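Hi,

Here is the structure I promised to pass on. Have a look at it first, and then read my notes below.

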Amino acid sequence: MTSLLVLGAHPAQGAVAFEVESLDGSRNNLARPTQGQVGTAYSRVAAARYADGRSQPVTGPNSRQVSNRIFNDTHQNLFSERRVTQWGWTWGQFLDHTFGLAAGGTESANIPFNAGDPLETFTNTLGVIPFTRDLAATGTGVTNPRQQINTVSSYIDAWAVYGGTQQRLEWMRDGPYDNNIANNAATLMLPGNYLPRRTARGNPAAAPTMNVDGRLAANPNNAAVAGDVRANENVALTATHTLFAREHNRIAALLPGSLSAEDRFQIARRIVIAEQQYITYNEFLPAMGVNLPRYTGYNANVNTALSNEFAVVGYRAHSQIHGEFTAETQASRYSAAQLNAFRAQGLEVEVDGADVSIGIPLNVAFFNPDLLPAIGLGPFMTSLSESQYNNDEMIDNQLRSVLFQVPVPGNPACLDGPTLPACFKGVVDLGAIDIERGRDHGMPSYNQLRQAYGLPAKTSFTAITGEATDAFPAGSGADNPNSLEFLRTADIDGTATVVGDADGSTSGVRRSTTAARLRAVYGNVNNVDAFTGMIAERHVPGSEFGELQRAIWTRQFLALRDGDRFFYGNDMGLTSIASQYGIDFHTTLAQVIARNTDTPAADINPNVFLVPDDDLPATTCKVAYRVITTWTGFFQVDISLTNQSGAPFNGWNLQWQFANGQNFSQGWNGTFSQNGVTATIANANWNGTLAAGATLTGVGFNGTWDNVTGALPVNFTVNGKRCALG
């Protein structure tokens, strides 16, 4: 048995039979012990691009002007075209707050605001959009290119749950706070089963630092405390922090009391880290359409240090964030006074018999930690099963114009939509800040970044967007508000929807193309900012991303997997824990939710990253894909196909994408083929006819896999039409 040593922090004694991962990322790579450690510089894929070669940001069009023409959604909701739920962006942010946070600086570089812009609809009494440059790493930016510092560890290590120092962790653990981790309990402090506030130990001045803004700025000591300083940013993030703190405590309670508190804590932490990794690679990335090659084991030569390009460009998926959460539960959970208090905050409350629906606008969800315990973790989790916004060039105005701001008094209709500009007197534009942050960090241009990731440069604006023209129609133009008007919208199956409706649309056609507006703003395709060009790209089939964003994600998540000595596929104690205590990390996020809330498992979609079929338009087919058994290097699948079209299938062609390098080995009762990640089964010559309402069984195959990551396919089509999951 090895002694327990928390590397990168104060030592603590114990007797667990595995090495404990450091809190700060140090010594994950034994040959390069500071790789990925807190306080080290981001890595770079491409050369830094500064106007003076050292530190001065390159110039470009005013980022708010770009935002008004490219990112402006004009209050039209467009949802994920691949039925990804709000768990897509929520889990993405939970991960972001696990492996990346640039050190902030003090150098002001405010974004000019032009109230006279014909496309401007918001008032900004400040006259600028506040922006501060990130801190330069020591020894950079004077005679050499400026670099930036990552203040968290570059690993998927549940940093958001546990933090990066013994001092922060000791404060969060049950037991005394006396600089002696040895007398702490195995559990995290959760008064009332919710995150503690900074006042929880009586002296908020001694509590860990937490970021505050918006509503919380007036009462910073009310901030909820978690491993990462950003836990209060929005209620979905606070909820996810709470969920995994509860999961830690649940696991700790399963362990025998004969173990020391420290050993129980470290075993629970080891499982939670593995769960975060497992959910990421088996559910999150496949749902987003990121397909990775099979895992071949830990590779000490891989540099895990988060790349600047990933942190500043590729992982900024802000267009996915929905403008509202809708929690649905039993009305009996709340008193009439509670429901009225919700309404007074700006929440939309609708009681329908025994049920209640609570709509939470995003601007009410920012820095509002009291909201979660008031609504309840279980009911709030139901809101994340709704579709997230499409990952396109549009960003909701609650992020694009009034981020974290408190609405003016006397206007109760401060919800997302046309009333929003009247509710605020300042502008904070996350899309404009994303552009500006890229310039601050010396990001390459869009085409330069494509080439750095092995993609050819685009030679036209229409090549970026996939549209037919970059010319404005007669009577329109870059400064004409009508250029942004939606002419047509459609649902996930391409069926026309009503323009302006809040729900149901996944695509739309505007009076002008995105390509035309890009050309008007940038003039030349080689001038396009990397962030702007990336989110304007046409999506790769089967993915939520265009080519560039998918390439950035693929490279980074491969490094985070293959270069992490504590990745679950490299074991590091997980088999021992399962053998001795019967606790297994292989879990779905749905199972974590069911285990730690009062929402029954039957009410949770098995894959919470996908919108339930009942909430989508009816399909013409249903597919049941079941892994029957696995053995070393292989797995076996049984498939059934149901014809729901109302007419017979005279020949069928079933397609999906493998997420983790799986391949067909042997198949039966069909014709099997594979092109990269795309798997196809066509009918055999004896089973091509399938009557309306009939189900075909007996189709199946053996496949090869890496024994580590075998994600289930998330989207199926038959004869090119979307299928429900059976």
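This is a predicted model: local features need pLDDT of at least 70, side-chain atom pairs count only at pLDDT 80 or more; totals for chains, interfaces and linings use all residues.

D429 and R64 form a salt bridge, with 2.8 Å between the closest N and O atoms. D429 sits in the loop between α12 (397–400) and α13 (430–440) while R64 belongs to helix α1, so their pairing ties together parts 365 residues apart in sequence. Both ends are out of the way: D429 is buried at 0% relative accessible area, and R64 is buried too, at 2%.

E19 pairs with R565, the closest N and O atoms being 2.9 Å apart. Since E19 lies in the segment before β1 (40–41) and R565 in the loop between α18 (547–562) and α19 (574–581), this one ties together parts that are 546 residues apart in sequence. Here E19 is partly exposed, at 29% relative accessible area, whereas R565 is buried at 9%.

Then there is E547 with R450, again a salt bridge, its closest N and O atoms 2.8 Å apart. E547 is in helix α18 and R450 in helix α14 (residues 446–452), so the parts tied together are 97 residues apart in sequence. E547 counts as partly exposed at 32%, and R450 as buried at 0%. Salt bridges with shared partners also link E107, R133, D134, R146, R437 and D440 into one network.

On to the rings. I count 44 aromatic pairs in the structure. One of them is F71 with F531: the centres are 5.7 Å apart and the planes at 75°, so the pair is edge-to-face. F71 comes from helix α1 (residues 63–71) and F531 from helix α17 (residues 530–536), so parts 460 residues apart in sequence are tied together. Both of these residues are buried. Charges sit over rings as well: the charged end of R173 is over the ring of F265, 3.9 Å from its centre, and that of R555 is over the ring of Y453, 5.8 Å from its centre.

Last, the strands. An open, antiparallel sheet of five strands runs in the order β18-β19-β16-β22-β23. β18 (671–675) and β23 (721–722) are at the edges with a single partner strand each, so one side of each has no neighbour in the sheet. Further in, β16 (residues 653–657) and β19 (residues 678–682) are antiparallel and joined by five bridges, with Q657 opposite T678.

Cheers

Definitions and conventions:
Residues are numbered from 1 along each chain as its sequence is written. Side-chain values use heavy atoms; hydrogens and water are left out. Two strands pair if DSSP finds at least two bridges between them. Helices (H or I, at least four residues) and strands (E, at least two) are DSSP runs, numbered from the N terminus. Rings of Phe, Tyr and Trp (its six-membered ring) pair if their centres lie within 6.5 Å; planes under 30 degrees apart count as stacked, over 60 as edge-to-face and the rest as tilted. Buried means under 20% relative accessible area, exposed over 50%, partly exposed in between (1.4 Å probe, protein chains only). A charge sits over a ring if NZ of Lys or CZ of Arg is within 6 Å of the ring centre and within 35 degrees of the ring normal. A salt bridge is a side-chain nitrogen of Lys or Arg within 4 Å of a carboxyl oxygen of Asp or Glu.
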